[in-house]
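The following exercises are to be worked through with the sequence and the structure at hand. Each task is followed by a stepwise solution.

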Amino acid sequence: MPAKRRAAFFSLVALAALGLSLYAPELPSPLSALELTLPLKANSVRFAVIGDMGTGEKPQYELAGKMVEYRQKFPFEFVITVGDNIYDGDAPADYESKFERPYKLLLDAGVKFYATLGNHDKPNQRFYKPFNMNGQQYYTHKNGNVRFFALDTNYMNPQQLAWLEKELQNAGSDWAICYFHHALYSSASFHGSATELRGVLEPLFVKYGVQVVFAGHDHVYERVKPQKGIQYFTEGASGSLRAGNLKKSALTAVGYDRDRSFMLVEISGDELYFQTISRTGQTVDSGVIQRVTATSGVSSGPAEQVGPGAGYE
Amino acid sequence: MKRRNRVTRLIGWLSVFAVVTPGFAGQPRVPQASGEDARVFKIFTARVQEYVKLQKNVEASLPALKPTNDAARIAEHEHALARKIVQARSGAGQGDIFTDEVTRQFRRIIRGEFQGPNALQARRTIRPDNPSKAVVRLHVNDVYPENIPLTTTPPTLLSKLPELPKELAYRIVGRDLTLKDTKAGLIVDLIPNAIP
Ligand SMILES: [Fe+2]
């Protein structure tokens, strides 16, 4: 190889390596630097929540890196996604750069992802094994004492509602958690609350004791004040972000729209603990929700905030 | 004649199915319709079933798509299925499934939804991310463009239209109501300017 061409070749290799390092999850921070508000109780169900993440851009990779760091301290077993998993196309290269590469360390460690479909997702993502949808638009999975219902709010037809009602009837005494793309309550300006979906879904949540709901679509984090005994979270900023889009309203308990974020959740018995963490490792919200049981009569009430957090109230 | 007999038989079976299938909260799954409305719904449903039969026949000639780690296999299957359906329906045109009388009935239902008491909610549901008509007008046998996000189909509208098998979905694109193949990503038929 002539010297000039060899130099050009090595420059390209160097550039490629630089590109990879820019987009690879960062090296972990010292464990002691990570603040954890979750109690790490024995035999608890531990998971993370991400949404609107599939951009393939640097902030998605950086947030994924933060998830890896936190997993050393809080070994979550699975991740639920509230949709917009892969933006702008679903060529194999998109799956690779927007999912496989950013979450490689989690996938390699055996962390399972359970996905739902957002409005930017091609419906055939349901056949992508790492999303654990088993070819279904909507499905349920059980982890410990928690029954999860992954819904497709792009298309809430009578069949899906009938399925949900039947599955909720059979959920037994477990925690029932629903997750999907469109937030039923949102104080963000861009989309706001999906009121028509709320009209068909919320009566079922109330009737069958769903107490916690995760959604995305608005590219912010928001914890809404409990509505009809249900704690609604929006986590739509795990890749995309609409900075400054959250307009604090009477609905808002805590909100954060200054950077990307993800949630960590721990469920032990009748308690659900949550912690929301930004790309830079700030805890922006945290708290605990008490499950209502037939005998306890305990209301979930406003989630008790156990950490000061960096979000606004 | 043979084709007419087949359709009549299908309609007969579908009527039995509609009566015995329990639905959400005890309601029948086929929207309440009587007389002329019920007759038109049945014509539509029969045509939908014919399409699904064709789609399944075409898909049976391809390697089965099962959940896979290989994203390329998913894309290959989708593209091959779309290609073969387009070949099999090369003469298909607008109105094959949404016939004139079906279109009239659908327009009436959609108008009721978007101009009636639920109008505000329905418009709110389709407003975000809804591609404008100037940007895209899809045609029969077009592939749904990957850069256009899905618009949530209003759930109350879905409860009033005939239910579809899982192979198909009603999708609003601009002001058009399209019938979309959920696996091949194809536009199977459409009603232009259905949203008033
Ligand atoms: Fe979205």
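**Strand pairing**

In β9(A), A:Thr234 is the bridge partner of A:Glu222. The model on which these exercises rest is predicted.

**Exercise 1.** Determine the sense in which β8(A) and β7(A) each pair with β9(A).

*Solution.* Step 1: β8 (residues 221-224) of chain A pairs with β9(A) in the antiparallel sense, over three bridges. Step 2: the hairpin of β8(A) and β9(A) has six residues between the strands, and A:Lys228 takes a positive phi near 50° there. Step 3: β7 (residues 212-216) of chain A pairs with β9(A) in the parallel sense, over four bridges. A:Phe233 in β9(A) stands opposite A:Phe214.

**Exercise 2.** Identify the protein donors of the iron ion and classify their arrangement.

*Solution.* Step 1: the donors are A:Asp84 (OD), A:Asn119 (OD1), A:His181 (NE2) and A:His217 (ND1), at 2.2 to 2.3 Å from the ion. Step 2: the four donor atoms subtend angles of 83 to 166° around the iron ion, so the arrangement is irregular. Step 3: A:Asp84 lies in the loop between β2 (78-81) and α3 (92-100) of chain A, and A:His181 in strand β6 (residues 175-182) of chain A, so this pair ties together parts 97 residues apart in sequence. Step 4: burial means under 20% relative accessible area; A:Asp84, at 1% relative accessibility, therefore counts as buried, and A:His181 is buried at 0%.

How values were computed: Residues are numbered from 1 along each chain as its sequence is written. Chains are lettered from A and ligands numbered from 1 in the order in which they are written. This is a predicted model: local features need pLDDT of at least 70, side-chain atom pairs count only at pLDDT 80 or more; totals for chains, interfaces and linings use all residues. Side-chain values use heavy atoms; hydrogens and water are left out. Donors are N, O and S atoms within 2.8 Å of the metal (3.2 Å for Na, K and Ca); water is not among the atoms, so sites may look incomplete. Four donors count as tetrahedral if all angles lie between 85 and 135 degrees; four count as square planar and six as octahedral if opposite donors are over 155 degrees apart and all others between 65 and 115; anything else is irregular. Helices (H or I, at least four residues) and strands (E, at least two) are DSSP runs, numbered from the N terminus. Buried means under 20% relative accessible area, exposed over 50%, partly exposed in between (1.4 Å probe, protein chains only). Two strands pair if DSSP finds at least two bridges between them.
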